[in-house]
Amino acid sequence: MSADLLITLTAHERDANNVTIAFTIGTKALEKGHSVQILLLSDAVHLAAKGYADKIDIGPPFQPIKEILPTFLQSGGKIKVCSACMEHNGVKREDVIDGVEVITADDVVDMIMNATKTLQLN
């Protein structure tokens, strides 16, 4: 469960800049051959729900999230979402995007402790 780069994200549509930065940097790191995981915590768990991220677009030179999120996953990036945060924020497992893994708090700790580098966007 380790990655070259672990990006922890707590933002959602209220901070579209940080959401965009997370997926942009993650995709660029994948292009450079690094393994990347994005960890969705707190409000960011909404990004794991089908269709939610489609409305996030901060404009050029950045891509809309509805374009970059699938690119991130197709390029080998991993998205992990905290199950407790999902429950707290009303995000249901059946609504989660294909390819996103629901994990526990124990997994969150392991991911953070085993990552080579981290980027925190809160």
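How many salt bridges does the count come to by this rule, in which a side-chain nitrogen of Lys or Arg lies within 4 Å of a carboxyl oxygen of Asp or Glu? The count comes to four salt bridges. The model is predicted, so local features need pLDDT of at least 70 and side-chain atom pairs count only at pLDDT 80 or more, while totals for chains, interfaces and linings use all residues. Residues are numbered from 1 along each chain as its sequence is written, and side-chain values use heavy atoms, with hydrogens and water left out.

Among these salt bridges, Lys 80 and Glu 101 meet at 2.7 Å, N to O. Lys 80 lies in strand S3 (residues 78-82) and Glu 101 in strand S4 (residues 100-103), so the pair ties together parts that are 21 residues apart in sequence; helices (H or I, at least four residues) and strands (E, at least two) are DSSP runs, numbered from the N terminus. Lys 80 is buried at 7% relative accessible area, whereas Glu 101 is partly exposed at 36%; buried means under 20%, exposed over 50% and partly exposed in between (1.4 Å probe, protein chains only).

Another salt bridge joins Arg 14 and Asp 43 at 2.6 Å, N to O. Arg 14 sits in the loop between S1 and H1, and Asp 43 in the loop between S2 and H2, 29 residues apart. Arg 14 is exposed, at 68%.
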